[in-house]
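Me: Hi! I'm new to this one, could you walk me through it?
Reply: Happy to, let's look at it together.

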Amino acid sequence: MQISMTINGTFVTHEVEPRVLLVHFIRDDLRLTGTHWGCDTTNCGTCVVLMDGQPVKSCTVLAAMVDGHTITTVEGLANGATLDPVQQGFMEEHGLQCGFCTPGMMLTARALLDHNPHPEPLQIREAISGQICRCTGYATIVRSIQWAAEHPAGAAPETTTSESTEQEVHA
Amino acid sequence: MQIPAPFEYVRASSVDNALALLDRHGPESRVVAGGHSLLPMMKLRLARPDWLIDINDLFELDYLLVDTVPNNGRVLRIGAMTRHTTLLESDDIKRLFPIVIDAERVIADPIVRNRGTIGGSLCQADPAEDLSTVCHVLEGVAVVRGPAGERMLSMAEFHRGPYETAVAQNELLIEVRVPIRDDSGSAYEKVERRIGDWAVAAAGASVTLAADGTISHVAVGLTAVGLDRNVTEVEAVLVGQAPTEQLFVEAGRLTSLACDPLADQRGPVDYKRHLADELTRRVLRAACRRAAASISDITI
C-alpha cells in the first residue's frame, strides 16, 4: 500500500507492506538510522519518535497507521547547524554514555518541554519513565533536560537579542 | 525481529464504516485502536488477523462529557477512543472519579498512554488490566453498537473472563457510561514489580456515604488475582456501617479469601492474598476519606 507522511519537515510517499512497523520504515526505507531499534516489546523506548508532536514507541505503531500524519525523529531536532537545547543539554550535562537510549530520551524531552517548559525534576522522571538507560543512572539525563529547560535559547550567549532570535528558531 | 504475519490494512472513516468493514471482512478481521496490546500479540503471532481495521480516525469516539441519560441519571460518558493520557488529564475525572486517576498513573508508561484507549483496554480484557477493575467498581455500562443497533451491558455482562468480552465480531464498543453518585469517593492502588509493569495485585474501591456518615453504597474490585467481578462478599459487611479501621480490616480479610490468585513469576499465592487484603484496606480508607472530603460536615 502507498503511504505519505511529513517526516522532519519533508513530505514523503512510499510503498509499504501493511505489516511494516514504523521503526523499520524509518530506519530501513527512509534510512534515518538515528531512531534506534531496541527491545521490540514496547518497553525500552529507544525507538521513540514524535507523532504529531507526541512521543510514541515506533516498534508498536504500523507505518500504515502514520499515513497522513507528521513524524519527527532525532534527525529533525537540530535546526541546521544549531542544536536543539535538549541536544545541547545532553552534551553539557553528560546525558549519555553509550548513546543507545539517547534519541528516544531527547525526543521525549522535547515533547515534555513543548508541553511544560518548566518541569519539576519529578515531572521529568515521570516523562522518561517509559524509557530505559543502562549507563547513566538517569540522574544526568534529568539534569540534561533541566539544562534545556533553563536554556530555551540553547547555548547561545544569553543576551536579549540572541535569545529572542533563538526562541523564534525553536518556536 | 518480531514482525506480524501478513494482513490487509484498511482505515475506517466512521463508526458505521467500521461496522460495515467488520461485516464485510468477517471473523478474521480485527479492529485496532491504540494497538499497544494487539500489535505486540501480532508480532508474537499470537494474533493473526487477515484484515486490520484501523479506527484511529474515529474522532467521534474521543470525548468525555457529563450528561443525563434516561434510566441512568447523571453519568460521565467516555468515548471508547479516549486515550489514557486524556483520562489522566481530565478535570472532570479528577473531580468525579479519582480512582481513574490513581489507575491511569500506573498503567504502562506516559508514552504508551499517549496511544492506548479505554475501549481497547476493556476489549482486550486482560486479567491484569487496571481499567477493567475500575469500570467494574464504578458500575460502568458498556455501550456496544452493531448492525442491529446499540445495546447496554453492565460490566458483569460485558466482561466474560480473561481476554473475552460480550462484544460480537461485528460489533464495536462505543462508549462507557459511569454513573455519578453524590457524596462519593473512590481509589485504586497497585503493587507492581517495576514502573509500568502489569499488577502483581491491585484493588479498587468506590464508597458513597449517607448523611449520618455511614456507608450507603460500596464496591470493591481486584486486579490480577483471579476474580473477574466485584467482591460482593464485602458489600453486605460494609453497607450501613460507619467507616472504621476495624471494618476495613474485616473487608480486607474477606477479600483475601474471595480472590483466587495463581502463583507465577510475580509471586506466590499467599503473597498475592496478602496484597489483596492490604490493598483493599488502603483503597477503602482512601475512598472513605475522599467521600468525606466531598461532604464538608462529616469527618472521619
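Reply: One term to begin with: two strands pair if DSSP finds at least two bridges between them. Keep in mind that this is a predicted model. In it, β12(B) and strand β13 (residues 215–223) of chain B pair in the antiparallel sense over eight bridges.

Me: Which residue stands opposite B:Gly204 in β13(B)?
Reply: That one is B:Gly221.

Me: And how many residues are between the strands in the hairpin of β12(B) and β13(B)?
Reply: Five, and B:Gly213 in that hairpin has a positive phi near 90°.

Me: How many bridges join β11 of chain B to β12(B)?
Reply: Nine, with strand β11 (residues 184–192) running antiparallel to β12(B). Within that pairing, B:Ala187 has B:Ala205 as its bridge partner. These two strands also form a hairpin, with six residues between them, and B:Gly196 in the turn shows a positive phi of about 85°.

Me: Why is β12 of chain B described as largely enclosed?
Reply: Because eleven of the eleven residues of this strand (residues 199–209) are buried, the rest of the structure largely encloses it.

Me: Switching topic: how many residues does the largest nonpolar core have?
Reply: It has 37, and those with the most contacts inside it include B:Phe97, B:Leu122 and B:Phe158. At least three residues come from each of domain 2 (61–179) and domain 3 (184–293) of chain B.

Me: What is B:Leu122 in contact with?
Reply: Leaving aside neighbours within four places in sequence, its contacts include B:Leu131, B:Cys135, B:Met155, B:Phe158 and B:Val176.

Technical notes: Residues numbered from 1 in each chain as written. Chains lettered and ligands numbered in written order. Predicted model: local features only at pLDDT ≥ 70, side-chain atom pairs only at ≥ 80, totals over all residues. Heavy atoms only, no water. Core = buried A, V, L, I, M, F, W, Y, C linked by side-chain atoms within 4.5 Å. Buried < 20%, exposed > 50% of the residue type's maximum accessible area, 1.4 Å probe, protein only. Domains from an automatic or database assignment. Contact = heavy atoms within 4.5 Å. Helix = DSSP H or I, 4+ residues; strand = E, 2+ residues; numbered from the N terminus.
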